[in-house]
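Colleague: Please show me the model, and let us then discuss it together.

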Amino acid sequence: MARTRVVIDTDPGVDDAVAIMLALASPELDVVGITTVVGNVELEKTTLNARRLVELAQRPEIPVLRGCASPLGGPAGTAGEVHGRDGLGDLVWDEPTVGEGSEHAVEFLYRQATSGPLTIIAIGPLTNIATLLEQHPDVAGLLERIVVMGGASFEGNVTPAAEFNIWVDPEAAAVVFGSSCRIDIMPLDLTHQAFLDDDDLARLRAGGTTVGQRLADMLEPYADFHMSWNGNRNLIMHDAMAVYEVISPNAITKQPVKVQVETGGTFARGATFFTRTRRSTSGNLRVGTQVENDAFRVLLHERLATLS
Ligand code: BDR
Ligand code: CA
């Protein structure tokens, strides 16, 4: 099987944690590195969390590279208590023995892009990716694809207009979506169709693996957050959708689009405007519109069960 070479650019985050575990458990992917960015929590914490996750998956050979500490457009807004104060549900962890690489994430991404076909799975704010495109414009012609979790066309989750990853750094999103890269975007309109519930948490625990137990523990406060925010404990699997798209390219229905990002505005900073181009099959941008949650859940449980 031809494996897709990927770097995961991330701000873990408990749904990032599920996405990363799914990627590491999937034979379709060759994860060559994990790059970190400020987002759900500060960069120091997202980087520590990425090291924790690599260690949890027993994949110490996968390098973790620290990226940008602040958005292009100014100070970072974080996700408050959605993912816990530490970003991973405030569990107790041993200090990971897995370290972090000395190279900056942006230089690592460029080096990986110049040394073979590369897909970037971007599941945090787009600061590292925009910086990569600005510092190394030739990378746009080298990358195979960028799959982004971000944006919303109906309703945001930070403000009525803006989804979190775009809201943190709209200037970066505008750079990335304005590039010539082939990009598939998984917005809230899609990701809200993909969720786990309490049965899934029980199943993760019943599997008896450390990974399953740990994920269930870190998802508990995320379920509580969803109850207070959404009125039910359904755990929305935003970031796993970007990984799922690379694992199973036919599982998510996609549509060609043009995208504009609001970088100013009084109420709408970070909003994404998707113009559907239904009749056109050309163009470098597509947006995910539909996913079958049951099929996703089956695959997720199968894959996670392979981790110890
Ligand atoms: C996105 O925001 C973050 O809180 C999640 O990890 C996800 O990447 C969803 O809006
Ligand atoms: Ca994320």
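Modeller: A polar contact is a pair of N or O atoms within 3.5 Å; within protein, one must be able to donate a hydrogen and the other to accept it, and residues adjacent in sequence count only if both atoms are side-chain atoms. This is a predicted model, in which local features need pLDDT of at least 70 and side-chain atom pairs pLDDT 80 or more, while totals for chains, interfaces and linings use all residues. Residues are numbered from 1 along each chain, chains are lettered from A and ligands numbered from 1 as written, and side-chain values use heavy atoms, without hydrogens or water.

Colleague: How far is an oxygen atom of ligand 1 from an N or O atom in the side chain of glutamate 163?

Modeller: Glutamate 163 is among the closest of the 13 residues that surround ligand 1, each having a heavy atom within 4 Å of it. For aspartate 239, a polar side-chain atom lies 2.6 Å from a ligand oxygen. For glutamate 163, the distance is 2.4 Å.

Colleague: What share of the area that ligand 1 exposes alone does the protein bury?

Modeller: Accessible areas come from the Shrake-Rupley method with a 1.4 Å probe; for residues, only the protein chains shown count as cover. Taken alone, ligand 1 exposes 280 Å², and the buried share is 96%.

Colleague: Which strands stand at the edges of the sheet?

Modeller: Strands are DSSP runs of E, at least two residues, and helices runs of H or I, at least four, numbered from the N terminus; two strands pair if DSSP finds at least two bridges between them. The open sheet has 9 strands in the order β3-β2-β1-β4-β5-β6-β11-β9-β10, with mixed pairing. Because each edge strand has a single partner, one side of each is left without a neighbour in the sheet: these are β3 and β10.
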